[in-house]
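Subject: Structure handover

Hi there,

Here is the structure I promised to pass on to you. Have a look at it first, and then read on for what turned up in it.

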Amino acid sequence: MFSALSTLIAAARLVLLFALSGSAWAQPVSQSVSLAGMLGPKALLIVDGGTPKALAVGESHQGVKLLSMQGDRAVVEMGGVKQNLRMGDVPVSVSSGGVQASSGGRIVLPAGTGGHFLAQGLINGKPATMLVDTGATSVAIGKEDADRLGLAYKTGQQVRVQTANGTSVGWRIKLGSMRVGDVDVYDVDATVTNSAMPFVLLGNSFLSRFQMNRTNDQLVLVKRF
């Protein structure tokens, strides 16, 4: 399935459109954890903003397992990924779409199956599933997602886009805000296509705001402006 997905993404880079019919995509479920303190041999973890829970090494709470602790730091495993926590830092979040966030305008995206980088983010404060596509000139959004997000795209500049089924209508707009993890970007150029898309393509109108570095199976985005 993912080889076919890669082929379709390559086509999307040419027209800012990803067309995939008949596929079901699960919406990522986000989870956050922070280190509130130490209680003797236990770490106090706050999971999803709940009551602090004291865990010893090897114990788990709501899917978060404490692997080690030392000084003001702890290492946990959540969503199959190891996370380093430090007291006083902002919560670290992981979703089934694979986004981790940290302070300082830094986003870490672990690669999913097939090597694609998926993230659960916000567009104008509303949730959207996104896929990193460095070959897309701008953020690309399908009409169905645009309607759900309440975007007034038909007031934007109308353009023609070439799809696998021929020429279609699209609209160029500017998004007020986008958020991935705890990092916000404002006034982002986007194209709304008149076709269904399983997720938003996170193109270069967003990515160009960041310094990108891929190491093994992680993509690190550090905000430049």
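Let me start with a polar contact (a pair of N or O atoms within 3.5 Å; within protein, one must be able to donate a hydrogen and the other to accept it, and residues adjacent in sequence count only if both atoms are side-chain atoms). A polar atom in the side chain of Ser205 sits 2.6 Å from the backbone oxygen of Asp189.

Before going further, a word on the source. This is a predicted model, in which local features need pLDDT of at least 70 and side-chain atom pairs count only at pLDDT 80 or more, while totals for chains, interfaces and linings use all residues. Residues are numbered from 1 along each chain as its sequence is written, and side-chain values use heavy atoms, with hydrogens and water left out.

**Around Ser205**

Ser205 belongs to helix α3 (residues 204–207); helices (H or I, at least four residues) and strands (E, at least two) are DSSP runs, numbered from the N terminus. With a relative accessible area of 11%, Ser205 is buried, where buried means under 20% relative accessible area, exposed over 50% and partly exposed in between (1.4 Å probe, protein chains only). Setting aside neighbours within four places in sequence, Ser205 is in contact (heavy atoms within 4.5 Å) with Thr137, Ser138, Val139, Val188 and Asp189.

**The cores**

Val139 leads on to the nonpolar cores. Such a core is a set of buried Ala, Val, Leu, Ile, Met, Phe, Trp, Tyr and Cys residues joined through side-chain atoms within 4.5 Å. The largest has 32 residues, and Ile123, Val139, Ile141, Leu175, Met178 and Phe206 touch the most other members. Strand β15 (residues 166–180) contributes the most to this core, with 6 residues. There is also a second, separate core of 12 residues, and among its members are Val33, Leu45, Val64 and Met78. If residues up to four places away in sequence are not counted, the residues that Val139 touches include Leu175, Met178, Val188, Asp189, Ser205 and Phe206.

What about aromatic pairs? Rings of Phe, Tyr and Trp (its six-membered ring) pair if their centres lie within 6.5 Å; planes under 30 degrees apart count as stacked, over 60 as edge-to-face and the rest as tilted. By this rule the count is 2. One of the pairs is formed by Phe206 and Phe210, which are tilted, with 5.0 Å from centre to centre and 35° between the planes. Phe206 and Phe210 are both buried.

**An open sheet and its hairpins**

Two strands pair if DSSP finds at least two bridges between them. In the order β4-β5-β6-β7, 4 strands make up an open sheet with antiparallel pairing. The edges are taken by β4 (60–61) and β7, each with a single partner strand, so one side of each has no neighbour in the sheet.

Strands β5 (residues 64–70) and β6 (residues 73–78) run antiparallel and are joined by 5 bridges, and Lys65 has Glu77 in β6 as its bridge partner. These two strands form a hairpin with 2 residues between them, and Gly71 in the turn has a positive phi of about 60°.

Next along, β6 pairs with β7 (residues 81–86) over 6 bridges, again in the antiparallel sense. Ala74 is opposite Leu85 in β7, and the bridge partner of Arg73 is Arg86 in β7. This hairpin of β6 and β7 has 2 residues between the strands, with Gly79 in the turn at a positive phi of about 60°.

**Strand β19 and its partners**

Strand β10 (residues 106–110) runs antiparallel to β19 (residues 218–223), with 5 bridges between them; Ile107 has Leu221 in β19 as its bridge partner. Strand β18 (residues 210–215) also pairs with β19 in the antiparallel sense, over 6 bridges, and there Thr215 is partnered by Gln218 in β19. The hairpin of β18 and β19 has 2 residues between the strands, and Asn216 takes a positive phi near 55°.

**A loop and the whole chain**

Where is Gly49 found? Gly49 is in the loop between β2 (42–47) and β3 (53–56). Its relative accessibility is 65%, so Gly49 counts as exposed.

Overall, the chain has 3 helices and 19 strands, and 44% of its 225 residues count as buried.

Best wishes
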